[in-house]
Amino acid sequence: MALSPVGALLIAALLLAVEVGLKGYPHSSFAAFGAKSPSANVDAFYMFLYASNLKNSLGLMISFGIGHLIHHWIVVHCSLGILANANFFVSLAALAIVNTFLFYWVHRIMHSPLFWPVHKVHHSATEMNLITNFRNHPVNITIEVVLYATSTAVLGGSFAVSISYYILNGIYQLLAHSNFSWDLRHTHFAFIQNWLLLAPEEHRLHHSQAEPHWHKNFGVVPIWDRIFGTWQECEQNEALILACLICETKPCWPHFRVYGK
Ligand SMILES: [Zn+2]
Ligand SMILES: [Zn+2]
């Protein structure tokens, strides 16, 4: 299972309101819509596709349902039920470790020449705001939905654990694209930002056009990028030019292979 479009939209609406409240309307994602930003209007279009569930249907059709067949096969033959009787917080932590690891590698593979034509849709925004998170190719969405559904089914976590994880993950994915900014690196909470939860600037760097930023910060949590050598620190208040059309001009496979060095 994954968070339904209604759930994701409610979370997005809530975070948009919080952003207006904390940063003020002129500096919020709302201010970007309308005539001000063609990029934000495209984001709104992708949000509509997501909200109407058209994206899921399109993804299913374009991929010929292959992902769902693989999901079905794995669930039937590989369900382990490890978390069936586990404590809520242990289950939540286990699901987070497995899903963030899978997300990291799937995202990294999406930067390979085979999948870049699909994933570059997400990288085509020239400005970022909270709902840029919804700017995704239908096949990209299908891959993520199938992936998360598979890990949940294989581990055997409860409904409460799954829904809690998807809500927290949904909030964090939206925040990573938001106009919020924070820097805990020089505080007592540095460990959280360094290893557990990246700041929006650090995901914005993933969308940057500058070559040193290509193929960096793939994860929702920094730990996998640090372990697999793709972490890139973000300078405080670093100005980033977005729209990372990297593979239009240069094949990205050599960068993908950096792990093998
Ligand atoms: Zn990417
Ligand atoms: Zn992104």
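**Figure 1. The axes of helix α5 and helix α7 (residues 138-155) come within 10 Å and cross at roughly 150 degrees.** Axes here are lines fitted to C-alpha atoms, for helices over the stretch in contact, and angles run from 0 to 180 degrees between N-to-C directions. α5 and α7 are therefore roughly antiparallel to each other. Angles over 145 degrees count as roughly antiparallel, under 35 as roughly parallel, 65 to 115 as roughly perpendicular, and the rest as oblique. The α5–α7 crossing is right-handed. From α5, the contact takes in Ala-94, Leu-95, Val-98, Asn-99, Leu-102, Val-106 and Met-110. From α7 come Asn-140, Ile-143, Leu-147, Tyr-148, Ser-151, Thr-152 and Leu-155. Two residues are in contact if their C-beta atoms, placed from the backbone, lie within 7 Å. By class, the contact of α5 with α7 has 10 nonpolar, 4 polar and no charged residues. Ala, Val, Leu, Ile, Met, Phe, Trp, Tyr, Cys and Pro count as nonpolar, Asp, Glu, Lys and Arg as charged, and the others, Gly among them, as polar.

**Notes for every view.** This is a predicted model: local features need pLDDT of at least 70, side-chain atom pairs count only at pLDDT 80 or more, and totals for chains, interfaces and linings use all residues. Residues are numbered from 1 along each chain as its sequence is written, while chains are lettered from A and ligands numbered from 1 in the order in which they are written.

**Figure 2. The protein chain has 13 helices and 0 strands.** Helices (H or I, at least four residues) and strands (E, at least two) are DSSP runs, numbered from the N terminus. Of the chain's 261 residues, 36% count as buried. A residue is buried if 20 or more other C-beta atoms lie within 10 Å of its own, exposed if 12 or fewer, and partly exposed in between; these C-beta atoms are placed from the backbone. Take the contacts between residues at least 6 apart in sequence: 75% of them join residues at least 24 apart.

**Figure 3. Helix α5 (residues 88-110) crosses helix α8 (residues 159-176) at roughly 50 degrees.** Their axes come within 9 Å. That angle makes α5 oblique to α8. The crossing of α5 and α8 is right-handed. Which residues of α5 meet α8? They are Phe-88, Ser-91, Leu-92, Leu-95, Ala-96 and Asn-99. Facing them in α8 are Ala-160, Val-161, Ser-164 and Tyr-165. The contact of α5 with α8 has 7 nonpolar, 3 polar and no charged residues.

**Figure 4. Helix α1 (residues 5-23) also has its axis within 10 Å of that of α8.** The two axes cross at roughly 50 degrees. α1 and α8 are therefore oblique to each other. Their crossing is right-handed. α1 supplies Ala-8, Ile-11, Ala-12 and Leu-15. α8 supplies Ile-167, Gly-170, Ile-171, Leu-174 and Leu-175. By class, the contact of α1 with α8 has 8 nonpolar, 1 polar and no charged residues.

**Figure 5. Asp-43 lies in helix α2 (residues 38-51).** Is Asp-43 buried or exposed? It counts as buried, because it has 25 C-beta neighbours inside 10 Å. Leave aside its neighbours within four places in sequence, and Asp-43 is in contact with Ala-125, Asn-129, Ile-131, Thr-132, Phe-134 and Arg-135. Asp-43 and Asn-129 are 86 residues apart in sequence. In space they are 8.6 Å apart, C-alpha to C-alpha.

**Figure 6. His-215 and Asn-217 sit in the loop between α10 and α11.** His-215 has a positive phi of about 60 degrees, although it is not a glycine. His-215 has 20 C-beta neighbours inside 10 Å, so it counts as buried. Asn-217 is not a glycine either, and its phi is positive, near 50 degrees. Asn-217 has 24 C-beta neighbours inside 10 Å, so it too counts as buried.

**Figure 7. Confidence is highest in helix α11 (residues 222-227) and lowest in helix α13 (residues 253-256).** The mean pLDDT is 94 in α11 and 40 in α13. pLDDT is the predictor's confidence in each residue, from 0 to 100. Over residues 244-261 the pLDDT is below 50. Beyond near neighbours in sequence, this stretch has 29 contacts in the model. For the protein chain, the mean pLDDT is 78, and 85% of its residues reach 70 or more.

Definitions and conventions: A crossing is left-handed if the near helix is turned anticlockwise from the far one by less than a right angle, and right-handed if clockwise.
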